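Please keep the model open beside them.

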There are 2 protein chains.
Amino acid sequence: MAQKNILFIMFDQLRWDYLSCYGHPHLETPNIDYLASQGVRFERACIQSPICGSSRMSTYTGRYVHSHGASNNRIPLKVGEMTLGDHLRKLGVQSWLVGKTHMEADAEGMARLGLEPDSVIGVRVAECGFDVFERDDGMRPEGPDGAYDPRGALAYNDWLRAKGYDSDNPWHDFANSALDADGNIRSGWFLRNSAYAANIDEPDSETPYLTGRAMEFMEQAEGPWCCHLSYIKPHWPYIVPEPYASMYGPEHVLPVVRSEAERQQAHPVLKAFMDTPVGQSFSREDVRAAVIPAYMGLIKQVDDQMGRLFAWLKETGRWDDTVIVLTSDHGDFLGDHWLGEKTFFYEQSVRVPLIIRDPSPEADATRGTVSEALVESIDLAPTFVEMSGGAVPGHILEGESLVPLLHGKARETARDCVICEYDFSGAPVARQLGAGVTEAQMYMVADERWKLIHFETGDRPMLFDLENDPDELTDLGANEAYGAQVEAMYAKLHRWARRISQRTTVSHGTLRAARSSKRGLGIVIGVPEEADGDPRLTVKYQPRAGRAWWDVKKR
Amino acid sequence: MAQKNILFIMFDQLRWDYLSCYGHPHLETPNIDYLASQGVRFERACIQSPICGSSRMSTYTGRYVHSHGASNNRIPLKVGEMTLGDHLRKLGVQSWLVGKTHMEADAEGMARLGLEPDSVIGVRVAECGFDVFERDDGMRPEGPDGAYDPRGALAYNDWLRAKGYDSDNPWHDFANSALDADGNIRSGWFLRNSAYAANIDEPDSETPYLTGRAMEFMEQAEGPWCCHLSYIKPHWPYIVPEPYASMYGPEHVLPVVRSEAERQQAHPVLKAFMDTPVGQSFSREDVRAAVIPAYMGLIKQVDDQMGRLFAWLKETGRWDDTVIVLTSDHGDFLGDHWLGEKTFFYEQSVRVPLIIRDPSPEADATRGTVSEALVESIDLAPTFVEMSGGAVPGHILEGESLVPLLHGKARETARDCVICEYDFSGAPVARQLGAGVTEAQMYMVADERWKLIHFETGDRPMLFDLENDPDELTDLGANEAYGAQVEAMYAKLHRWARRISQRTTVSHGTLRAARSSKRGLGIVIGVPEEADGDPRLTVKYQPRAGRAWWDVKKR
């Protein structure tokens, strides 16, 4: 079987339930729904950390955050961590980046090992294993102290300027800002400005731009390749050009998922997150009313771009040579549970859309089906390895290949729980909670029914019954009647915490073979005398004529 | 204060209680005892894995096995792991190796990163951070399929041959073998041959050889340096030349620590270790009678060499410029608990001698004292960093600096337990137990009173009361009356298992500072409108005159 190309599409902050195939009642996404009809839609896909960089590093390394250590944005992925690019390269598949990774290079580690940042290997290490067609982390914020990411949106800004968008930073001034009635630029950074349309011709906005770049990549690429087409949107700044800006209104905004009781009785750590400025902002109806229609418009645009991309793949004969994977790095609370953003463990954040279309005949049996299997983002790297004809290196990759599910050979993954982690040690909320840098950690462990959240702060855990309380409005963590469930979930968390994750230099097969190795390299342990030993192994050590040292030295 | 040199002496398989300062009634070790009288002797020093390579990798990296992954001999330390050599080099201290490390280089990882094995950086990565004065892993076994370690004892063998020891492998044929009454070479690999004297002039045997090499190193070295003088002995082959071969007899052999009941009721995993050939051999009195006097002779020789070395340091004016650290990588069961070798968690294996003499006046207050603090081998790397004037990088090093204890500023370490790990996934005993490569793991967690052993095989834990049963003859793990103790020790194990160990690219100080950072780089999160923002941060985004995109593009 010829190796297929892999088009690995990721959106940023795309909430799982904001697609019609995942059940949104007002947001029609026929193109993504079509992809689902041609592949498998995973209903329970969980990311490994509710923050861009860490979630992605888990996806790219196929390893938990606890294993790779890049536990928040701007915490570099340490040199030496292998990524899907490294694994696929061994199989003759080149991995290319078109868009965002949120990778932060381990400059100190690279310098220690003498890796030149501009060498082929240096670039790969710095870009988490990808070769770069275009890196666009999608944001070019600039403040009084400079740019957040000096490389942000560089090529996109050049492209916009060449098209006539006359500004030092057209990414901000046009693509992510509006023009108000008085002729003023109103920044999309401010949530109420989401009600405006972005001041840009829609085909020039970020999502269509990146779609075009992916096509340009594919036109010149020689396979087999894995192309990571990684969009910034619907991530903030929440602002979208027309016609998407006017598509949705208050009548399309889903009711907020929250209760007064959950705020009144909130766990202390949850309370601290509710009390952050972003939690307070998204608890306001005016903010939700401005942001959510824009967020929906961004997703509608995403879907249209998927339509454009899929049509092009078909026209150019690539549709049946290309595995398509579509997912997100995490969701967005949008005010649910009195929270904004994503840094907590409710389903709105940790569950993501995941659709995989494998064009091979082996996958025909599952086309259009929905899988309820417990799937994690770390499953993608091993899936890509198996799809590319490789054996999954289970001593490095902690996920499971989903190929058996895609080919109808299995209905479940082997795991009995999923794990998500969040490190808030560098966040203001940690200061507020008085948590040290090793205590500002939280873990989620969830199975089909129960979700436990453990805090390293010393606070009690939270517990949710996902079956009877799918909206997660009732925290059972303080309810003694659920002690057994808490204990059972802790047992799963701790089995996971104890796992061997750093023995990455020797394969499982090598270890198994070592158990019965009969290689005779001369080590003899615990053998009382010559006659007791395995003759083959001890042949070199049988008694034989020798000389006394004093005779030897006298010579 | 000028940086001191650090002479970091390690013995291999030196059991903690086989020195007179640690209470051996028959084995007088006046030189090591003298060192203790000039420094601090740690009574409760615990290694991190009861196997040479893994224990050493923890000592050199300052990190638990669970963190660095080199969980048994011949499992390479993965490229990127920092070692004490890396940490000290930053402080201007060069770390040099004279002797054994048991390091296995990550050749695949080095190739992936393009590190040349013969470059300065490549050699350091391959030698776990040391520059090499002499690498001598101390063994040159050879069998029908070749040499276990083609680099083993290379320089020593050349040196012996130059002295007239005429053999392809004088390490084996002279230093580690005897000559019997019939003029036959009798290999020291066989335990009963330990009763013979090694066929070598004592000053030419390994321990004096390496002592001499250390002196040669120091004679030419420019400081500040850290010299890892790392002896192979009293590790097997258990054979020693005269006069040490005749020094000890059956009357000096301590009674074996074991009971018939512990064998009859042995935990299934313990039983499997008892049933190995080495367990069975060391359960024989004839084997103990042959081996233990040789083992004691080897230690007596070690002590005499320490006398030689200390005298030389004084004569040459180095004694007061040099911190001396003396320890071992693990112990030896010698038949106790029906076991041989070291791969289980009884005190005979996991507790090691540790003596530190800091010549600085700050340490005068503690000279000759004994510390009962819970100390681990991973504490040495941070201790060396602090002694060299550095701040301990707590985001990488998992141990604690012992300097406060040495200077009388603290009596205890901050930890409330010690951890030891053993990975037997590549050992025949795992096959016998039917354990998979991720299940053939065991963990020890111990505090001043209790020791719990957890098995990943699914078997029940073991529990010992170290206060009332210091010989660890009664396993309480199956006794329901001790459920609370089991639970309490599991809580400690699991707090440890959850620890953040891979976030090694950002310091704790940087994370703390990030909590209150007011750097204005233009990211604005959760701010409803311009008027709500921190003016300094949002100045760039205030409404200002702009143009509509259609006007811009028309231009």
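1. Which residue forms a salt bridge with A:R213? The partner is A:E134, with the closest N and O atoms 2.4 Å apart, a salt bridge being a side-chain nitrogen of Lys or Arg within 4 Å of a carboxyl oxygen of Asp or Glu. The pair links distant parts of the chain, since A:R213 lies in helix α9 (residues 206-220) of chain A and A:E134 in strand β4 (residues 131-135) of chain A, 79 residues apart. Both A:R213 and A:E134 are buried (under 20% relative accessible area, with exposed over 50% and partly exposed in between, using a 1.4 Å probe and protein chains only).

2. This is a predicted model, in which local features need pLDDT of at least 70 and side-chain atom pairs count only at pLDDT 80 or more, while totals for chains, interfaces and linings use all residues. Residues are numbered from 1 along each chain as its sequence is written, chains are lettered from A and ligands numbered from 1 in the order in which they are written, and side-chain values use heavy atoms, leaving out hydrogens and water.

3. In chain B, a salt bridge joins B:E347 to B:K451, with 2.7 Å between the closest N and O atoms. B:E347 counts as buried because its relative accessibility is 13%, and B:K451 counts as buried at 0%.

4. A:R263 and A:E260 also meet in a salt bridge (3.6 Å, N to O). A:R263 counts as partly exposed at 32% relative accessibility, and so does A:E260 at 42%.

5. Over all chains, the structure holds 94 salt bridges.

Key: Helices (H or I, at least four residues) and strands (E, at least two) are DSSP runs, numbered from the N terminus.
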